[in-house]
Amino acid sequence: MNILFVHQNFPAQFKFLAPELVRQGHKVFALTLRPGLGKTLSGVRIISYHPSRSSSDTIHPWIADLETKVIRGEACLRRCLELKDSGLIPDLIIAHHGWGEPMFLKEVWPSSILALYCEFFYNTSGFDYGFDSEFSSKSIESICKLRLKNLNNTLHFDIADAGLSPTQFQANSFPQQFRSKISVIHDGIDTARIKPNPSIKLTLNESLLLTNRDEVITFVNRNLEPYRGFHIFMRTLPKILKDRPTAHVLIVGGDGVSYGAKPNSDLSWKQIFINEVRPHISDSDWDRVHFLGNLPYTTFIGLLQLSTVHIYLTYPFVLSWSLLEAMSAGCSIIASDTEPVREVIEHDRTGLLVDFFDQDALSSEICSLLDNHSKRQQISSNARSYAIDNYDIIKVCLPKQVSWVNSLLS
């Protein structure tokens, strides 16, 4: 069969599935905006597309997001018309529609099956919107803008034959009339590669060597921002650093914004919260806080293996791969008691849960868990076992994904 993946940053969520379908004998293609992938990747033929214009400066701000997606959708339309003329007819299209790319592909290939990667549907209650009153207000303008942001989602519902979501929480964010088309199968974690390593060593700034004998607190975001609780974690540091005089805090993440709004300042969220807490932390204590930026993947896994206590916080939003990777690495995890997290963390078994906004409770739990070696061992073992049993890519997720694909093709 001919299978076409569509994702602006391919392989992304399809990094295991696409090569596996090649191994199964299918002809697999990927339409992407990502440069530098070459002509093939793990047997997948790479096809690039390029938007012919940028967004307008004068468009109504409430629909600027939709215009951007239509521009990408049009670019994919033009490229796919060329592919059709060259003889390509996909039996199945698997597309992440979050950037609008597959919006018009049924006009090119009306008989092709279209399956969407359903990452998130925006809601005005019960999810991320309005969750954190410090950084959001439920103004009538913001509600209207959010409704219009979902136009991209709803435009795809009429043409899609099936959907795929990585978690039940994310699937449940979609309206019921489309929810019935969505299968819940996670992207999968390479638990054979991501595993505990008692002999791990990490050198910081070419001078500080850390091992598993050191007390290490880890915190990971793609970008350091409120959606992933960076502000809450930073506000625990004065107490934690004072109470744990030998602990090192390793913070991974960029200075940009992945989700939510940018700060109303020329400063990054990272710098805003550094400025907030720094006056309450001595110079010697601050020397034990290490901002590592975005790490190469191998180094990132080493950081998880080094962790004594790992912190994961999030709004009710898309669940991060990093949490499941931390579980696979055998981290002792303290996480926010929010719905997407409760899907994988059972309190006092696979991790500890605290109220997202209760920074005092978070700092107390961190210090308590650092003092309790046997508790850490118990949580670590349970977390890894849970990751293997439910999210292992080879034994669990990939077979389910392939079965899902086969059901669509048949």
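Modeller: The protein chain holds 16 helices and 16 strands, where helices are DSSP runs of H or I with at least four residues and strands are runs of E with at least two, numbered from the N terminus. This is a predicted model, so local features need a pLDDT of at least 70 and side-chain atom pairs count only at 80 or more, whereas totals for chains, interfaces and linings use all residues. Residues are numbered from 1 along each chain as its sequence is written, and side-chain values use heavy atoms, with hydrogens and water left out.

The C-alpha atoms fill a box of roughly 65 × 50 × 40 Å along the principal axes. For 410 residues, a compact globule would have a radius of gyration near 22 Å, and the chain agrees with its 22 Å; the radius is taken over C-alpha atoms, and the globule rule is 2.2 Å times the number of residues to the power 0.38. Of the 410 residues, 54% count as buried (under 20% relative accessible area; exposed is over 50% and partly exposed lies in between, with a 1.4 Å probe and protein chains only). Take the contacts between residues at least 6 apart in sequence: 67% of them join residues at least 24 apart. Contact here means heavy atoms within 4.5 Å.

Now to the part you asked about. Two packed helices are described by the angle between their axes and the distance between those axes.

Start with α9, residues 269-277. α8 passes α9 in a right-handed crossing, meaning that the near helix is turned clockwise from the far one by less than a right angle, with anticlockwise giving left-handed. On the α8 side, F230, H231, M234, R235 and P238 make the contact, and on the α9 side W269, K270, F273, I274, E276 and V277. By class, these residues divide into 7 nonpolar, 1 polar and 3 charged (Ala, Val, Leu, Ile, Met, Phe, Trp, Tyr, Cys and Pro count as nonpolar, Asp, Glu, Lys and Arg as charged, and the others, Gly among them, as polar).

Next comes α14, residues 359-370. The crossing of α8 and α14 is right-handed. Here α8 brings I232, F233, R235, T236, K239, I240 and D243 to meet Q359, L362, S363, S364, I366 and C367 of α14. That contact divides into 6 nonpolar, 4 polar and 3 charged residues. R235 is named in the contact with α9 and again in the contact with α14.

Another pair to set beside these is α11, residues 297-306, with α12. Their axes lie 9 Å apart at an angle of about 55°, and α11 and α12 are therefore oblique to each other. α11 passes α12 in a right-handed crossing. From α11, Y297, F300 and L304 meet S322, E325 and A326 of α12, and the residues of this contact divide into 4 nonpolar, 1 polar and 1 charged.

Staying with α12, residues 321-328, let us pick out M327. M327 counts as buried, at 0% relative accessibility. Beyond its neighbours within four places in sequence, M327 is in contact with I333, V344, I345, T350, A383, R384, Y386 and A387. M327 and S380 are 53 residues apart in sequence, yet their C-alpha atoms are 7.3 Å apart in space.

How values were computed:
Axes are lines fitted to C-alpha atoms, for helices over the stretch in contact, and angles run from 0 to 180 degrees between N-to-C directions. Angles under 35 degrees count as roughly parallel, over 145 as roughly antiparallel, 65 to 115 as roughly perpendicular and the rest as oblique.
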